[in-house]
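Subject: Structure for you to look at

Hello,

Here is the structure I said I would pass on. My notes on it follow below.

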Amino acid sequence: MSQVVVTGATGNLGVAVIRALAQEPSVESVRGLARRRPEWRPPKTEFAEADIRTDDLDFTGADAVVHLAWQFQPARSPETTWEANVLGSIRVFEAAARAGVPNLVYSSSIGAYAPGPVDDRVDESWPTHGWPGAAYPREKSYLERYLDAFEQDHPSMRVVRLRPGFVFQRPAAPEQRRLFAGPLVPGQLLRPRLLPFVPDVPGLRVQVIHASDVGDAVRRALLRPVRGAFNLAAEPPLDGRGLASTLGKPLVPVPRAVVRSMVAAAFRLHAVPVDPGLFDTVARLPLMDTGRARDQLGWTPRVGAWDAVGELLAGLHGDGGHPTPPLHDD
């Protein structure tokens with residue numbers, strides 16, 4: 001594979017994907033697109049400044065486009081994120097088609113899925129209608145529908161959709177804190193040793209994955225003749241009981257409505273940047289079955305779920321960060 005183009009190359013996923021591709025012998029070169037050119041210089045990689053919303057996107061000569069670029073904030077301006085995420089992604093897809101790129105890998109999300117059963121896991125055929133109360137699942141769901149039509153219009157292009165759970169790695173933790181906790185949340189509240197207890201919210205459980213395992217899945221998806229969607233998550237699913245055991249804290253039942261009210265109040269007061277609709281989304285996510293990725297990609301996560309969370313918690317208070325942190329939104 002001569003050249004792979006990666007959008008969102010300096011983000012949480014982008015850094016991991018660039019690292020995976022730079023180490024892959026069959027990939028000759030990688031072109032990373034980001035809104036600013038980083039100082040980081042991984043092997044076989046060159047970076048270019050590009051805003052997928054407005055800049056000309058020329059993918060001529062590329063063997064594959066890996067589309068990772070995504071803007072999470074500002075949640076208070078869904079028109080802004082729609083322009084960046086939906087319209088920008090469509091520009092990427094169409095530019096790849098115009099250039100005759102034969103392979104497209106797109107990072108969708110567990111957030112694209114409709115609410116699922118309480119106990120059973122869902123495979124990639126589960127409806128991707130999202131939860132309508134938040135911008136993130138609406139945008140991810142819309143792009144799933146767009147790609148349904150896009151694949152019919154461009155049958156010669158091999159399209160792969162990866163649907164990871166929550167993606168963690170230590171260097172990304174400071175940026176994730178900024179995006180989802182905001183500057184007004186005291187750092188002390190994010191230190192596990194200072195938590196008096198772990199809230200046990202009924203039905204709240206999440207699936208996570210380490211960024212390096214997503215990078216490995218992208219690499220495998222590029223090298224194997226596969227199409228369609230693949231769920232990506234590490235084991236086990238995380239809930240309050242497991243977190244309490246891991247941190248050695250007591251578990252205290254807290255009604256879901258109470259937590260939502262607290263998030264809504266904090267959002268109204270501009271204390272946090274995350275709106276209550278995103279909490280509603282997380283509370284309704286299905287549990288994904290990752291058997292298709294195992295069987296067709298030969299993929300298994302190398303980092304367990306609790307180890308990925310451990311990196312997140314360690315990175316929240318470390319001095320590190322990505323060698324090329326994402327451009328901050330003004």
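How many of the 11 residues of helix α1 (residues 12-22) are buried? The count is 10, so helix α1 is mostly covered. Note that this is a predicted model. The buried residues of α1 are Asn12, Leu13, Gly14, Val15, Ala16, Val17, Ile18, Ala20, Leu21 and Ala22.

The sheet

The strands form an open sheet of 7, in the order β3-β2-β1-β4-β5-β7-β12, and the pairing is parallel. At the edges stand β3 (45-49) and β12; each has a single partner strand, so one side of each has no neighbour in the sheet. From one strand to the next, the twist averages 20 degrees.

Strand β1 (residues 3-7) runs parallel to strand β2 (residues 29-34), and 5 bridges join them. Thr7 has Leu33 in β2 as its bridge partner.

Two helices pack on this sheet. Helix α1 touches β1, β2, β3, β4 (64-67) and β5, and its direction makes about 170 degrees with that of β1. Helix α5 touches β1, β4, β5, β7 and β12, and its direction makes about 165 degrees with that of β7.

Strand β7

All 7 of the 7 residues of strand β7 (residues 158-164) are buried, so the strand is largely enclosed by the rest of the structure. Both of its faces are covered.

β7 has a parallel partner in strand β5 (residues 103-107), with 5 bridges joining the two. In this pair, Val105 stands opposite Val160 of β7. Another 5 bridges join β7 to strand β12 (residues 228-232), again in parallel. Here Arg161 stands opposite Ala229 of β12.

Helix α1 against helix α5

Which way do α1 and helix α5 (residues 211-223) lie relative to each other? They pack at an angle of about 55 degrees, with their axes 8 Å apart. That angle makes α1 oblique to α5. The crossing of α1 past α5 is right-handed.

On the α1 side, the contact is made by Asn12, Leu13, Ala16, Val17, Ala20 and Leu21. These meet Ala211, Ser212, Val214, Gly215, Asp216, Val218, Arg219 and Leu222 in α5. By class, the residues of this contact of α1 with α5 divide into 9 nonpolar, 3 polar and 2 charged. As background, an α-helix has 3.6 residues a turn, so residues three or four places apart point the same way.

Helix α2 against helix α3

Helix α2 (residues 78-98) and helix α3 (residues 135-153) pack at an angle of about 20 degrees, and their axes are 10 Å apart. The two are therefore roughly parallel to each other. α2 passes α3 in a right-handed crossing.

From α2, the contact takes in Pro78, Thr81, Trp82, Asn85, Val86, Ser89, Ile90, Phe93, Glu94 and Ala97. From α3, it takes in Ala135, Arg138, Glu139, Tyr142, Leu143, Tyr146, Leu147 and Phe150. The contact of α2 with α3 has 12 nonpolar, 3 polar and 3 charged residues.

Regards

Notes:
Residues are numbered from 1 along each chain as its sequence is written. This is a predicted model: local features need pLDDT of at least 70, side-chain atom pairs count only at pLDDT 80 or more; totals for chains, interfaces and linings use all residues. Side-chain values use heavy atoms; hydrogens and water are left out. Buried means under 20% relative accessible area, exposed over 50%, partly exposed in between (1.4 Å probe, protein chains only). Helices (H or I, at least four residues) and strands (E, at least two) are DSSP runs, numbered from the N terminus. Two strands pair if DSSP finds at least two bridges between them. Axes are lines fitted to C-alpha atoms, for helices over the stretch in contact, and angles run from 0 to 180 degrees between N-to-C directions. Angles under 35 degrees count as roughly parallel, over 145 as roughly antiparallel, 65 to 115 as roughly perpendicular and the rest as oblique. A crossing is left-handed if the near helix is turned anticlockwise from the far one by less than a right angle, and right-handed if clockwise. Contact means heavy atoms within 4.5 Å. Ala, Val, Leu, Ile, Met, Phe, Trp, Tyr, Cys and Pro count as nonpolar, Asp, Glu, Lys and Arg as charged, and the others, Gly among them, as polar.
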